[in-house]
Amino acid sequence: MNETIQPLNPIAFTLGPVSVHWYGIIIGSGLALALYLAIREGNRRGLEKDTFADLMLWAIPIAIISARIYYVIFEWKYYVNHPADIPLIWNGGIAIHGALIGSVLTTYVFAKKRGISFWKIVDIAAPSIILGQAIGRWGNFMNQEAHGGEVTRSFLENLHLPEFIINQMYINGAYYHPTFLYESLWDFAGFFLLLFLRRVNFRRGELFLTYVIWYSIGRFFIEGLRTDSLMLGSLRMAQTISIALVVVAMGILIYRRTKQMTDRRYLDQENS
């Protein structure tokens with residue numbers, strides 16, 4: 001039976017000499033949906049109509065570039081000998097932590113220039129960010145990457161997974177943990193959690209910090225199952241950064257509350 005299993009075609013269609021990959025389509029779809037939701041919520045929270053559209057003109061390309069740079073840095077042993085492969089992001093190889101660093105810094109500069117609260121923008125964007133991540137992981141699925149260690153077919157069947165997922169996890173003669181799926185489900189759960197927490201009316205900044213903590217906890221444990229972690233010596237970088245982000249986010253949250261740095265809350269109706 002195993003000999004008849006064929007992976008899904010990572011190429012959706014071709015336009016002349018150009019091949020359009022499912023990876024790019026899925027990532028793009030996640031970004032489009034995330035942007036739509038952020039714009040809609042931004043309008044509800046009093047931001048000007050074009051705020052998120054203008055922000056994304058800068059944040060998306062910078063996030064993609066920074067995500068690729070981050071990945072290339074930790075895989076430099078390969079790319080120093082294959083420099084032509086550096087821009088080929090459709091073959092996989094972007095790091096979400098790199099994207100987050102680039103997009104958060106871009107958002108901070110953008111907010112300062114527009115005279116808008118940075119914390120307000122990232123609070124509004126938090127559910128959209130994690131939803132985009134949940135969808136984007138299916139690009140890894142199509143590329144048969146970001147998987148975990150070897151498992152048996154019966155293990156996957158006992159998870160009650162659809163046949164197409166089990167078959168796609170059959171790679172070079174073995175079955176693997178669908179860690180892309182674990183993270184996608186964790187992110188979808190985080191999306192609905194953040195939607196619920198909007199109604200709690202947290203203080204400004206706390207919704208985004210909750211996103212950082214939620215995502216980082218899940219990523220820490222899921223990363224331990226993966227076989228393609230970016231490494232710094234014996235350290236898995238994603239796990240190391242996840243721990244650091246949890247500590248920093250919790251520290252900021254506690255500090256801001258202790259110092260009573262803001263009384264503004266998520267559902268407050270003002271334009272700054």
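Residues are numbered from 1 along each chain as its sequence is written, and side-chain values use heavy atoms, with hydrogens and water left out. Because the model is predicted, local features need pLDDT of at least 70 and side-chain atom pairs count only at pLDDT 80 or more, while totals for chains, interfaces and linings use all residues.

Helices here are DSSP runs of H or I with at least four residues, numbered from the N terminus. Helix α4 covers residues 96-114, and its 19 residues should span 27 Å at 1.5 Å a residue, which agrees with the 26 Å between its end C-alpha atoms; the expected span is 1.5 Å times one less than the number of residues. After α4 comes Gly115, with a positive phi near 70°.

A search of the whole structure finds one cavity of 30 Å³ or more, a cavity being a set of points on a 1 Å grid over the protein atoms alone where a 1.4 Å probe fits but cannot get out. The largest cavity holds about 40 Å³, the volume being the space filled by probe spheres set on the points, which are joined across faces, edges and corners. Its lining, meaning residues with an atom within 4 Å of a point, consists of Lys120, Asp123, Ile124, Arg204, Arg265, Tyr266 and Asp268.

Methods:
1 Å grid on protein atoms, 1.4 Å probe; cavity = no way out; pocket = protein on both sides within 12 Å on 5 of 7 lines; lining within 4 Å. Helix = DSSP H or I, 4+ residues; strand = E, 2+ residues; numbered from the N terminus.
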